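Here is a short tour of a protein model, written for reading beside the structure.

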Amino acid sequence: MPDAVSPPFGQNTRRYGLADESRARRLGYSTPEISKRPARPGLPAKARQAAWGEGPARLHGRDVPDGGCVAEAARTLRSAPRRAGISPIGSLTTLEMSAKDRRVGAAFARWSACMKRAGRFYANPRDATRDRRFLDRPEHRVGPLETATAVADVHCEREVRLVDVWAGVEAAHQKRAIARNRPALDAERQARDAPLKKATEVPARPGR
């Protein structure tokens, strides 16, 4: 299968808004590594046939499993417990909870006042990111207005310590959610670990 393309930055790098001034100065709010990423190449014909079982029953002297390699993988892992998902303490859930917390709201107000002094009028960093003029479409071109706004955004976040406040508040919400849902989380961990263990064992079997 084609190699996955690594993301341009860590998963939580922009969780609470912009933080990298040099990037903001060059790219504004855009992420061209994602929006202008070339399409991943498709599978060659024979690999696609083997993956989905859409071709001959034998390829390169080996039997193609019923339904292809994808179906065989599903059958191999089927005995492992299914993951249920713990939506009440999902990552996005605690982010939204913390965004509505009065302490984060107060930090938003300080950030907004700082931005207003710089001639930028937004209630919170999310409003700046969602400004239609800065939406990162494939045809988007970053201009001076966007970079100036993004740099002001970073400066104001630092001035009011917005990331520290928001991250601290969300961490507190997460800890409470973990404490309330410990049995479900333990079950989730087991359901996650079982198929991973099976997946690491399969390549070690003879003939693989």
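N124 sits in the loop between α6 and α7 (125-129); helices (DSSP H or I, at least four residues) and strands (E, at least two) are numbered from the N terminus. This is a predicted model, where local features need pLDDT of at least 70, side-chain atom pairs count only at pLDDT 80 or more, and totals for chains, interfaces and linings use all residues. Residues are numbered from 1 along each chain as its sequence is written, and side-chain values use heavy atoms, with hydrogens and water left out.

N124 counts as buried because its relative accessibility is 16%, and buried means under 20% relative accessible area with a 1.4 Å probe, protein chains only. A polar atom of the N124 side chain lies 3.0 Å from the backbone nitrogen of R126.

The table lists contacts (heavy atoms within 4.5 Å), leaving aside neighbours up to four places away in sequence.

| Residue | In contact with |
|---|---|
| N124 | F108, W111 |
| W166 | Y16, L95, S98, A99, V104, F108, R126 |

Now for the core. W111 and W166 have the most contacts inside the largest nonpolar core, which has 25 residues. Such a core is a set of buried Ala, Val, Leu, Ile, Met, Phe, Trp, Tyr and Cys residues joined through side-chain atoms within 4.5 Å. Two or more of its residues come from each of α5 (91-99), α6 (102-117), α8 (144-160) and α9 (162-180).

Stepping back, the protein has ten helices and two strands, and 31% of its 208 residues count as buried.

Definitions and conventions:
Buried < 20%, exposed > 50% of the residue type's maximum accessible area, 1.4 Å probe, protein only. Polar contact = N/O pair within 3.5 Å; in protein donor to acceptor, adjacent residues only side chain to side chain.
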